[in-house]
Amino acid sequence: MASPRPYSPPITRGRRAREAASSDRLPTDVLFNVLLRFPARDLCRLRAVCRSWRSLTSDPVFITAHAARHPAPLFLAQFRDDKTNSIYIVDLSGNVVKRIAGAAGGPYHRLQCTRLDLACLTTDWNRCHVLNPATGAVQALPESPAVEHVNRVNLREPYTFFALGRVSSTGDYKVLRMFNRPGFAKGGQQLFEVFTINGGAAHARWRGQQSPGLFVDECSGVVVDGVVYFLTNRTYDGARNGIRLGYIVSFDLEREEWRRDLRGPISSGVGSASSYMSHHLTLAELKGSLVLADRRHQPFTLDLWFLVDSGSGHWVKEYHILTRPAISRPVLVDESFKPLLLLDDGRLVVYVATGGQLFIQDPGTDNFARVCMGRLDSVSVYTGNLLSRG
């Protein structure tokens, strides 16, 4: 009687791929160069083929080389018609590179407009989640106030602002939280606190900070190289303290203290109420610099002033954009505009929140080209690498 044949599993497509990958048919340097050609979206799938491919595409040398070969900018986006509570990574052509299901943190969470490899999702009522888009890890920050503010915050009806930034000297990520207390005109206060992300037990709490002494416009906050900048709120400070349009205060996340106040480039040239009302100012970060965007109605223009020396307060106007080049054309950039990114060829990416749209502005022609994608609910610039697992 013949002995039974040993069991051999069926040969499937996945098994063939694993066997081929585990063989030494391709030298490592050849495989390196072949995989380098694939976009990050495809490499995230190809990692599942075998351990050797996963190890190769996770190597810091490969990740650095891949980022240099694929320098196109990426954005983190929430879409208005999306019901899955997801965060999407999209490119400048509107293509979805990755979907992170359920990462939005819940209803009414919005992406803070950052330029980092992490994302900050917040609500106005004291909810803040920090997301790592590469790994999908989420950290929910505590809602309880700093010890110094326990009896000064109404947690039943909090109104908050958050700003996430990175300290370049240490690599630490910190969040600045501001509690807006009602009754500003009657002596109310804005309370500020700092939290260190993954800072260990010693930093796993909010730390109370001093007030800058001026009321700030909470919607104007922007982070540049670890410093949070705010425009002052002229509704409460303008008449009382003589604060002019474009006055800026800043908070240093590394030293956890307020810095010297800064005058904007147009603060000395605007005095009358009618002149003040013709300007709509927005702070932004472009190419690592603080930028003051000044949008005017008459004429329909957008000026971008770059801070070139914070010590002397020297600003340079680098862009003068016609937001309505022809009478027959609609005004595309309204009060909700936000400059997001300056491309290497000089074109400017602008987000207009009311329409939920991205535009690319060409300074050579003053034309605005809309990026074809769904209507955005919020958006930020993503500087991380999807291949990173740290």
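Two residues are taken to be in contact when heavy atoms lie within 4.5 Å. In this predicted model, that criterion identifies what covers the buried residues of helix H5, including helix H2 (28–36), helix H3 (40–46) and helix H4 (51–57).

The protein has 390 residues, of which 46% are buried, and contains 7 helices and 26 strands. Among contacts with a separation of 6 or more, 48% are accounted for by residues 24 or more positions apart.

Helix H5 spans residues 60–69, and Phe 62, Ile 63 and His 66 are buried in it. Viewed down the axis of H5, these buried residues fall within an arc of 100°, so they line one face of the helix. An α-helix has 3.6 residues a turn, so residues three or four places apart point the same way. Pro 60, Val 61, Thr 64 and Ala 68 are exposed on the other side of H5. The N-terminal end of H5 is capped by Asp 59, a side-chain oxygen of which lies 2.7 Å from the backbone nitrogen of Val 61.

The largest nonpolar core comprises 18 residues, and those touching the most other members are Phe 75, Leu 340, Val 349, Leu 358 and Leu 376. Two or more residues of this core come from each of strands E1 (74–79), E2 (87–91), E22 (337–342), E23 (348–352), E24 (357–362) and E26 (376–382). Leaving aside residues up to four places away in sequence, Val 349 touches several residues, among them Phe 75, Leu 92, Leu 340, Leu 358 and Ile 360. Lys 338 and Pro 339 are also among the residues that Val 349 touches.

Methods: Residues are numbered from 1 along each chain as its sequence is written. This is a predicted model: local features need pLDDT of at least 70, side-chain atom pairs count only at pLDDT 80 or more; totals for chains, interfaces and linings use all residues. Side-chain values use heavy atoms; hydrogens and water are left out. Buried means under 20% relative accessible area, exposed over 50%, partly exposed in between (1.4 Å probe, protein chains only). Helices (H or I, at least four residues) and strands (E, at least two) are DSSP runs, numbered from the N terminus. The arc is that of the directions from the helix axis to the C-beta atoms. A polar contact is a pair of N or O atoms within 3.5 Å; within protein, one must be able to donate a hydrogen and the other to accept it, and residues adjacent in sequence count only if both atoms are side-chain atoms. A nonpolar core is a set of buried Ala, Val, Leu, Ile, Met, Phe, Trp, Tyr and Cys residues joined through side-chain atoms within 4.5 Å.
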